[in-house]
Amino acid sequence: MKTANHTEVTEFVFQGFSNFGEHQLTLFAVFLALYIPTLAGNIIIVTIIRIDHHLHTPMYFFLSVLSTSETFYSLVIIPRMLSSLIGLSQSISLVGCGTQLFFFLGFAITNCLLLAVMGFDRYVAICNPLRYSIIMNWRVCTILASSVCASGFLLSLVQAVAIFRLPFCNSLIEHFFCDVRPVLDLACATPVINDILTLVISLLAITAPATFLFVSYVLIISTILKIASTEGRKKAFATCASHLTVVIIHYGCASIAYFKPKSENTRDQDQLISVTYTVITPLLNPVVYSLRNKEVQDALRRVVGRKSLP
């Protein structure tokens, strides 16, 4: 491994959206317009679920954990990206970059695992409804939520430490935040062990839960199709449709980002994919999964109505 000049790299500089030139202010306005409802929506969801006792169920418990994780996930990336678009600091220290990578991966992996746990919750509710309250008791829910968070940040820590033990020979990141591949590209050389580690973590964080979700939904759909009444089938499908939408987009973007061959990478393509899973995907949870949900809407009306009373 070449080590020349790596001691001179004390910070990285984001090139971000420099290719877009005069359109950066437009991008700032667009991303800010998407970020504000994302932040507000997730905070509203967590608050409503906490306040309204009708939503104190395993499904909404996991949803509140996901909303909390999505909020911090977007906070790690978007504010710095917005500041770069209006010409503020585009540099970040090695420690700052490592910290951003750690928290970004930690929350991203946690979200992937949480979606799998939420799929398991729907599987038990539909395929084994009589034992649902026994299987998905609060102790089990707490253990599952704690386990996925711990697993997410443990895998993230391993990945971040492995990357930032490498010597770096370049300081220009062709990206708008410290993601795995853009940072690895700055290393003087990338040992095979880093590529293997990245693949293993991607398999554990994306492929394994996606496979679990696929099997769960095959069983869920087969059970729903056996329901005699049309109304019953519609209601069962409705409880899964939003979750499935978020799952497909979330895992689809993650798979493209982390399993695409390096030879196919282009800067603009990578940034477009990254915008999808850092800006747009976090908006799906409050808009698609939650605020369109009738129970959440009813809870919101109850809370607003309660506060409007004298």
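The model is predicted. The protein has 310 residues, and 45% of them are buried. Its secondary structure comes to 10 helices and three strands.

**The second largest cavity**

- The lining of the second largest cavity is made up of 11 residues.
- Asp 179, Ala 257, Asp 270, Ser 274 and Tyr 277 are the lining residues nearest the centre of the second largest cavity.
- Three helices each supply at least two residues of this lining: helix H6 (180-184), H8 and H9.
- H9 provides the largest share of the lining of the second largest cavity, with four residues.

**The largest cavity**

- The count comes to three cavities of 30 Å³ or more.
- The largest cavity has a volume of about 250 Å³.
- Around the largest cavity stand 19 lining residues. Leu 105, Ala 108, Ile 206, Ala 254 and Tyr 258 lie nearest its centre.
- Helix H3 (94-127), helix H7 (192-224), helix H8 (230-259) and helix H9 (267-290) are the elements that give two or more residues to the lining of the largest cavity.
- H3 gives the most to the lining of the largest cavity, with six residues.
- By class, the lining of the largest cavity has 13 nonpolar and six polar residues. It has no charged residues.
- Rolling a probe the size of a water molecule over the atoms shows where empty space is left.

**Helix H3**

- H3 has 34 residues.
- From its first C-alpha to its last, H3 reaches 49 Å. That is close to the 50 Å expected at 1.5 Å a residue.
- Of the 34 residues of H3, 24 are buried, so H3 is largely enclosed by the rest of the structure.

**Disulfides**

- A search of the whole structure finds two disulfides.
- A disulfide is a covalent bond between the sulfur atoms of two cysteines.
- With the bonded cysteines numbered in sequence order, the pairing is 1-3, 2-4.

*Cys 97 and Cys 178*

- Cys 97 and Cys 178 form a disulfide, with their sulfur atoms 2.0 Å apart.
- The link of Cys 97 and Cys 178 is left-handed, with -125° about the S-S bond.
- Cys 97 lies in helix H3, while Cys 178 lies in the loop between strand S3 (172-173) and H6, so the pair ties together parts that are 81 residues apart in sequence.
- Are Cys 97 and Cys 178 buried or exposed? Cys 97 is buried, and so is Cys 178.

*Cys 169 and Cys 188*

- The link of Cys 169 and Cys 188 is right-handed, with 95° about the S-S bond.
- Cys 169 lies in the loop between helix H5 (138-164) and S3, and Cys 188 in the loop between H6 and H7, so the pair ties together parts that are 19 residues apart in sequence.
- Cys 169 counts as partly exposed, at 34% relative accessibility.
- Cys 188 has 13% relative accessibility, so it counts as buried.

**Two further cysteines**

- Cys 127 counts as partly exposed, at 24% relative accessibility.
- Cys 149 is partly exposed too, with a relative accessible area of 28%.

**Aromatic pairs**

- The count comes to 16 aromatic pairs.
- Phe 102 and Phe 103 form an aromatic pair, 5.0 Å centre to centre.
- Why is the pair of Phe 102 and Phe 103 edge-to-face? The angle between the planes is 65°, and planes over 60 degrees apart count as edge-to-face, so the pair falls in that class.
- Phe 72, Phe 102, Phe 103, Phe 107 and Phe 153 form one aromatic cluster.
- Phe 103 has a relative accessible area of 33%, so it is partly exposed.

**Order of elements**

- From the N terminus on, the elements run β-α-α-β-α-α-α-β-α-α-α-α-α.

Note on methods:
Residues are numbered from 1 along each chain as its sequence is written. This is a predicted model: local features need pLDDT of at least 70, side-chain atom pairs count only at pLDDT 80 or more; totals for chains, interfaces and linings use all residues. Side-chain values use heavy atoms; hydrogens and water are left out. Rings of Phe, Tyr and Trp (its six-membered ring) pair if their centres lie within 6.5 Å; planes under 30 degrees apart count as stacked, over 60 as edge-to-face and the rest as tilted. Buried means under 20% relative accessible area, exposed over 50%, partly exposed in between (1.4 Å probe, protein chains only). On a 1 Å grid over the protein atoms alone, a cavity is a set of points where a 1.4 Å probe fits but cannot get out, and a pocket is an open set with protein on both sides within 12 Å along at least five of seven lines; lining residues have an atom within 4 Å of a point. Grid points are joined across faces, edges and corners, and a volume is the space filled by probe spheres set on the points. Ala, Val, Leu, Ile, Met, Phe, Trp, Tyr, Cys and Pro count as nonpolar, Asp, Glu, Lys and Arg as charged, and the others, Gly among them, as polar. A disulfide is a pair of cysteine sulfur atoms within 2.5 Å. The expected span of a helix is 1.5 Å times one less than its number of residues.
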